[in-house]
Amino acid sequence: MSQTTGASYASAGVDIEAGDRAVELMKEWVKKTQRPEVLGGLGGFAGLFDASALKRYERPLLASATDGVGTKVDIARQMGVYDTIGHDLVAMVMDDIVVCGAEPLFMTDYICVGKVHPERVAAIVKGIAEGCVLAGCALVGGETAEHPGLLGPEDFDVAGAGTGVVEYDRLLGADRIRSGDAVIAMASSGLHSNGYSLVRHVVFDRAGMTLDQQVEELGRTLGEELLEPTKIYSLDCLALTRTTDVHAYSHITGGGLAANLARVIPDGLHATVDRSTWTPGAIFDLVGKAGQVERLELEKTLNMGVGMMAVVPAESVDAALTTLADRGVESWVAGEITERGDHATGAELVGDYAK
């Protein structure tokens, strides 16, 4: 008489022991992100942040954002490199928060995998923790979920949410912008974390390129270029608001430069950005040529070499550029704010890129 074995979580594909091992491996990295306001350690049901630290504010506003990294995670999976994708996640969340002038406080993450490989999960968290250090925020908790059957054993995705704080009367945005203001561009580190569905289609499907292919104009392999981490501007932007009179920031993500800048331009005013003030990196030219992608389509999808923009009074330009240069951020005056007139949109690109 045959006997059957009862079902278990393990037989369904979920390895609790592997999850516990991953938590142990990530603890040292999470500890590096701690701020004085964080209470408790990793492993609780909720992350705790001492809100009494906000008493120094007259009217504190909490700013929150959530995001992921998109299909860039597939590049990390194919390359077997897992300790940089977390930088991208922190940048996508915290650089949105700092746009309003908020100081990043804390972040939580969500990692979804087809199968828990403890060292791999720990490497992802290591990248997130390192990103949090660069953004000045604490990583107070997160979740690793194993979804066998829904995801393949090597598949994964990441997402995160963050919180920051800004004094009410220091809130940045469209209300502060005036005609005559200058638009300062801050260089991106590459593609960042947007447009990878287009990029992957172009370089793999249309151009037949491979990740290990050495690309002369890039000076490295295609995979190394595509996996370059998104620049985290949070502390640079906070330093700029302390040293100069910043009116607004715009984080250049999905939708491209003009559309994101238009989000902070008030009715009645118009931002003109001159392409001739910079030369996009080689990766943008490669994608355009390999896929015969029209310039407008590239600009609607990719950052074209600009990851963050600041709108400042004309008299603050020199101080702003000096502050950013001192912090190692490549920046330049890329445009200006004028009366809107008959312009149909809040922001536009004009001219041709510098060669």
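## A pair of strands

In this predicted model, strand S7, which covers residues 182-187, runs alongside strand S13, residues 331-339, and the two pair in the antiparallel sense over five bridges. Within this pairing, Val-183 is the residue that stands opposite Gly-335 in S13. As background, the strands of a sheet pair through backbone hydrogen bonds, and they may do so in either a parallel or an antiparallel manner.

## The sheet around the pair

S7 and S13 belong to an open sheet of six strands, whose order is S10-S12-S7-S13-S11-S14 and whose pairing is mixed. At the edges of the sheet lie strand S10 (248-251) and strand S14 (347-350), each of which pairs on one side only. On average, and with direction ignored, neighbouring strands of this sheet are turned by 25° against each other.

A helix also packs on this sheet: helix H7, made of residues 234-243, touches S7, S10 and strand S12 (306-312). The direction of H7 makes about 165° with that of S10.

## Two helices in contact

Helix H2 (residues 72-79) and helix H5 (residues 196-206) have axes that come within 9 Å and cross at roughly 50°.

On the side of H2, the contact is made by Lys-72, Asp-74, Ile-75 and Gln-78, while H5 contributes Tyr-196, Arg-200 and Phe-204. Sorted by class, the residues in the contact of H2 with H5 are three nonpolar, one polar and three charged.

Methods: Residues numbered from 1 in each chain as written. Predicted model: local features only at pLDDT ≥ 70, side-chain atom pairs only at ≥ 80, totals over all residues. Heavy atoms only, no water. Pairing = 2+ DSSP bridges. Helix = DSSP H or I, 4+ residues; strand = E, 2+ residues; numbered from the N terminus. Axes fitted to C-alpha atoms, helices over the stretch in contact; angles between N-to-C directions. Contact = heavy atoms within 4.5 Å. Nonpolar A, V, L, I, M, F, W, Y, C, P; charged D, E, K, R; others polar.
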